[in-house]
Amino acid sequence: MIGWISLIVFVLTIFVGVRKKVNLGILALGVGFVLGFFVYVEGGSMSSLALKGKPITSLFPFNIFWMIVSVSLMLNVGAVNGAFDIVIKKLVNLAGGRRSLIPIYVFLIMMVSCVLGMGTSGVVILLCTVAANIARDQKIDPIFMLLSVLTGTTAAIGSPVAIIGIICNGYAEEFWGQKIAPNFMLPHAVALATCSFIFVYVVFKGWKLERWPKTKAEDIPKLNGKQILSLAGLGAFILLSIVAGFDIGLSAFLVAAVLLLLGCADEKKVIATVPWSSVILISGMSMLIGIVKQAGGMELLTNALKVLMNRFTVKPLYSMIGSLLAMVSSTTGVILPSMVPTIPDIAVSTGVNPFALVTALAFGANSTVTSPISSMGAIALGVMSGNPEWNSSTLFKRQLFWAVLMMCAASLWAAIGVAG
């Protein structure tokens, strides 16, 4: 009985948090403390005076917290001082006035940026702003440009230095004793993102965009010394963490410390732009999920899902579940913590590669970020609505339509094996 109650409490927590617009992580921690009085472990209930709530605090996802904070601090230096903005503008200008290539370049730039770990919310917002400006200046459909950016971000699920990749690696090591990114997840993530972009490009007939005069080089600011140092720091981080294999968090903190000592960015802005709200959300929801799991709720959910799934339906269903949940909740704070624990048993019962299910789930969740009722989609709508030529109501409806369309496309890619 406590297993079903814990699942109901978990769902109600998400519903109330979304409805009241309260950070789900904070709400989850409060709910988890109360729920812990009714969930027993060795020595008593998880919130009992005898155990003083230690079984709950032990569920704090320290490794994920460490990675997100360290990598965000390091990348925020380049975002705050404008280095990423200038590089992006220069790369887009390589299209040489050929408008048909601009969406392709934007997609590739976003995909590479996210694979390198620059897919923080600040960078995505920056790129959405750049894309909106390009759409306005080059007379390209703003939804087309938005989708060019956001389909590129989906590759981040396979990056070992991006937030989602970090989280997926943590779960993969916990359940299967090995990392999922980059070896398995990255090539599949790139393939999934590319399929989605090709679909978007074909629907919008991107090849029919006529050529325009090239932007003058003098109109794009030159990189200053501090911005160049920030880019060099990113290169050093890649060498230390990916090539040499040093701890990602330590490498990021070292680079961030050196860049801040050299005065490459305002320290207060760098710290303030760390996604603290997301960090709290992820930590709180992970702890609540741990309590639900201890209560037997995850086992009950897994058994219920088994009825609907076989080796043919399991991947598209996981993708669709991720997409639907992502429209109203956080991928990193809600979807991955609640759904990944169901995968080990489902994978065994259906005979499907569990890594393919994780990939399908994560990609499905990321494919609907264009939805105007999701945080990133809402921000993108706000950015685009700044142009009086574009009607915000029309943009809202088109974003929602494309979110549903991309959900169906992601489910199709999963069904035909692109996710693994």
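Where in the predicted model is the place of glutamate 389?

**Figure 1. Glutamate 389 lies in the loop between helix H20 and helix H21.** Helix H20 covers residues 375-384, and helix H21 covers residues 392-415. With a relative accessible area of 56%, glutamate 389 is exposed, because exposed residues are those over 50%. The view also includes arginine 136, which is 253 residues away from glutamate 389 in sequence. In space, the C-alpha atoms of glutamate 389 and arginine 136 are 8.7 Å apart.

**Figure 2. A salt bridge joins the side chains of arginine 398 and aspartate 141.** The N to O distance in this pair is 2.8 Å. Arginine 398 belongs to helix H21, whereas aspartate 141 sits in the loop between helix H7 (121-138) and helix H8 (142-153), so the contact ties together parts of the chain that are 257 residues apart in sequence. Both partners are partly exposed: the relative accessible area is 27% for arginine 398 and 25% for aspartate 141. The whole structure contains 2 salt bridges.

**Figure 3. Glutamate 174 and lysine 293 form a salt bridge.** The closest N and O atoms of glutamate 174 and lysine 293 are 3.8 Å apart. Glutamate 174 is part of helix H9 (residues 163-176) and lysine 293 is part of helix H14 (residues 276-294), so this pair ties together parts separated by 119 residues in sequence. Lysine 293 is partly exposed, its relative accessible area being 40%.

**Figure 4. Phenylalanine 197 and tyrosine 201 are both found in helix H10.** The count for the structure comes to 16 aromatic pairs. In the pair shown, the ring centres of phenylalanine 197 and tyrosine 201 are 5.7 Å apart and the ring planes meet at 45°, so the arrangement is tilted. Helix H10 comprises residues 185-203, and the two residues are 4 positions apart within this helix, about one turn. An α-helix has 3.6 residues a turn, so residues three or four places apart point the same way. Phenylalanine 197 and tyrosine 201 are both buried.

**Figure 5. Helix H6 spans residues 102-115.** This helix has 14 residues and reaches 20 Å from its first C-alpha to its last, close to the 20 Å expected at 1.5 Å a residue. Among the buried residues of H6 are Ile102, Pro103, Val106, Ile109, Met110, Met111 and Ser113. Cysteine 114 counts as buried at 1% relative accessibility. After H6 comes glycine 117, which has a positive phi near 95°.

**Figure 6. Cysteine 168 is buried.** The relative accessible area of cysteine 168 is 2%. A search of the whole structure finds 0 disulfides.

**Figure 7. Phe33, Val34, Phe37 and Phe38 make a nonpolar surface patch.** The area of this patch is about 410 Å². Valine 34 is located in helix H2, which covers residues 24-35. At 47% relative accessibility, valine 34 counts as partly exposed.

Notes. Residues are numbered from 1 along each chain as its sequence is written. This is a predicted model: local features need pLDDT of at least 70, side-chain atom pairs count only at pLDDT 80 or more; totals for chains, interfaces and linings use all residues. Side-chain values use heavy atoms; hydrogens and water are left out. Rings of Phe, Tyr and Trp (its six-membered ring) pair if their centres lie within 6.5 Å; planes under 30 degrees apart count as stacked, over 60 as edge-to-face and the rest as tilted. Buried means under 20% relative accessible area, exposed over 50%, partly exposed in between (1.4 Å probe, protein chains only). A disulfide is a pair of cysteine sulfur atoms within 2.5 Å. Patches are made of residues with over 30% relative accessible area and no salt bridge: like charges are joined within 9 Å, nonpolar side chains (Val, Leu, Ile, Met, Phe, Trp, Tyr) within 5 Å. Accessible areas come from the Shrake-Rupley method with a 1.4 Å probe; for residues, only the protein chains shown count as cover. A salt bridge is a side-chain nitrogen of Lys or Arg within 4 Å of a carboxyl oxygen of Asp or Glu. The expected span of a helix is 1.5 Å times one less than its number of residues.
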